[in-house]
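Okay, thanks for making the time, everyone. Let me put the thing up on the screen, and then we'll walk through it together.

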Amino acid sequence: MIGNVSGNGIAVGITGVGAYAPEKVLTNADLETMVDTSDEWITTRTGIRERRIAAPEQAASDLALPAARQALEAAGVDPKELDLVVVATATPDMLFPATGALLAEELGARGAAAYDLLAGCTGFVYALAQAYGAVATGLSRQALIVGTEVLSKITNWNDRGTCILFGDGAGAAVVQPVERGGILGFELGADGSGGPDLCVPAGGSRQPITSGALEEEAQFIKMNGAEVFRFATRIMVTSAEELLAACGAGVEDVDLYVPHQANKRIIDHAVKNLGLDPGKVLLNIDRYGNTSSASIPIGLAEAREDGLLAEGTRVLMSAVGAGLTWGSVYMTWTEG
Ligand code: UT7
């Protein structure tokens, strides 16, 4: 789906952002001792130097909580006032209850509608679209959206094709009506034919966790890296181009590009093909790896911290992930 929403009645924006990453750092040198790989290969093929790994007792809601609190404080919103909590994650605390409901309880947001959303690495952009819809129609007045992942717990640490890529972390944003600026448009989609290219086969109703599933290591991420890479390079460009055109904007109008951090080569390809100024690109993949749904909100929180987001900054975000899904959002940043 695609839409220029700037003419809609209520302007909706992000009024606060926050992020959290676990303390433990896993470097490429550490990975050299675990699988047949090298710092040189990982750096040149992905741009990743290190990633964060959750402690054994940390689950998705534990990473989400400090990120959410930071976002709420930045927005000046009391958690009790939240009426919607959407948690985008592929690594929920458990299948149910939803991590969104667990997080809402931890925050003291009892009574808010709270649920999980599964769109892989595109989860945060999908969550932003859902929160936008709820706030723009007046159904919600203060929504919290979170991307949180503990991918280290579904990573096969013997598979060098995937274990070098992923990291853990969380990012959050408060979505509310704003007086100026706000969200200008979305472009979202999915192509389920690519589902098998990036999946966790076991743990659902298709293949429950049995000793047979564990023997096959089917509880871990399986990825056809080359296929996902091909898809990602194409869709990151077309999604952003179609959205900007729908919004009557050109690439020169974009002040800050916050792409999903999957592989620096995918980002470089998108920047080159879109004709974006490389100086306008938020990059932190070297420090976090691919944190899936957390990657864009972590990027936003860092950009805010580094003074890259000011009143009127026009921000373009794009992501691609399991599904295969993709999504872009274009917005004008609002301060205070
Ligand atoms: O968020 C969305 C989810 N995922 C993605 O966006 C990931 C998209 N895919 C990718 O980022 C890349 O495909 C990878 C980084 C996963 C792989 O990079 P590549 O340049 O596509 O490498 P490749 O799979 O074509 O493999 C090239 C070679 C192979 O060796 P041979 O067959 O040429 O001898 C691999 O076995 O590199 C080998 N290789 C490695 N070597 C050292 C694969 N992984 C590693 C490794 N260390 N970790």
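So, to start: in which loop is Glu 217 found? Glu 217 is in the loop between helix 7 (211-215) and strand 11 (222-223).

Some housekeeping before I go on. This is a predicted model, so local features need pLDDT of at least 70 and side-chain atom pairs count only at pLDDT 80 or more, while totals for chains, interfaces and linings use all residues. Residues are numbered from 1 along each chain as its sequence is written, and side-chain values use heavy atoms, with hydrogens and water left out.

Back to Glu 217. Its phi is near 60°, a positive value in a residue other than glycine. Glu 217 counts as partly exposed, because its relative accessibility is 30%. The cut-offs there: buried is under 20% relative accessible area, exposed is over 50%, and partly exposed is in between, with a 1.4 Å probe and protein chains only.

Ser 292 also has a positive phi without being a glycine, near 50°. Ser 292 lies in the loop between helix 10 (285-288) and helix 11, and at 4% relative accessibility it counts as buried.

One joins Phe 96 and Pro 97, with omega about 10°, and Pro 97 is in the loop between strand 5 (84-88) and helix 4 (99-107). Another runs from Gly 323 to Leu 324, with omega near -10°. Leu 324 is in the loop between strand 13 (314-321) and strand 14 (325-332).

Five strands form an open sheet in the order 2-8-7-5-6, with mixed pairing. Pairing here takes at least two DSSP bridges between two strands. Strand 2 (12-20) and strand 6 (113-117) stand at the edges with a single partner strand each, so one side of each has no neighbour in the sheet. On average, neighbouring strands are turned by 15° against each other, direction ignored.

Inside that sheet, strand 7 (residues 143-149) and strand 8 (residues 169-177) pair antiparallel over seven bridges. Helix 11 (residues 295-305) lies across strand 2, strand 7 and strand 8, at about 95° to strand 2. For that angle, axes are lines fitted to C-alpha atoms, for helices over the stretch in contact, and angles run from 0 to 180 degrees between N-to-C directions.

Let me zoom in on one residue of strand 7, Thr 148. Its bridge partner in strand 8 is Ala 170. Is Thr 148 buried or exposed? Buried, with a relative accessible area of 0%. Leaving out residues up to four places away in sequence, Thr 148 touches, among others, Leu 63, Val 87, Thr 91, Ser 293 and Ala 294. A contact means heavy atoms within 4.5 Å.

For contrast, take Glu 57, in the loop between strand 4 (50-53) and helix 3 (60-75).

Next, helix 5 (residues 123-136). Its 14 residues should span 20 Å at 1.5 Å a residue, and the end C-alpha atoms are 20 Å apart, so that agrees. The expected span is 1.5 Å times one less than the number of residues. Helix 5 is mostly covered, with 11 of its 14 residues buried, including Phe 124, Leu 128 and Tyr 132. Just after helix 5, Gly 138 takes a positive phi of about 85°.

Strand 9 (residues 182-190) is mostly covered too, with eight of its nine residues buried. Strand 9 pairs antiparallel with strand 14 over eight bridges, and Gly 182 has Thr 332 as its bridge partner there. Three bridges join strand 1 (residues 2-4) to strand 9, again antiparallel, with Asn 4 opposite Gly 185.

Last, the ligand. Of the 23 residues around it, Thr 37, Arg 45, Arg 160, Asn 263 and Asn 290 come nearest; being near takes a heavy atom within 4 Å. A ligand oxygen is 2.6 Å from a side-chain N or O atom of Arg 45. For His 260 the corresponding distance is 2.9 Å, and for Arg 265 it is 3.2 Å.

Key. Helix = DSSP H or I, 4+ residues; strand = E, 2+ residues; numbered from the N terminus. Polar contact = N/O pair within 3.5 Å; in protein donor to acceptor, adjacent residues only side chain to side chain.
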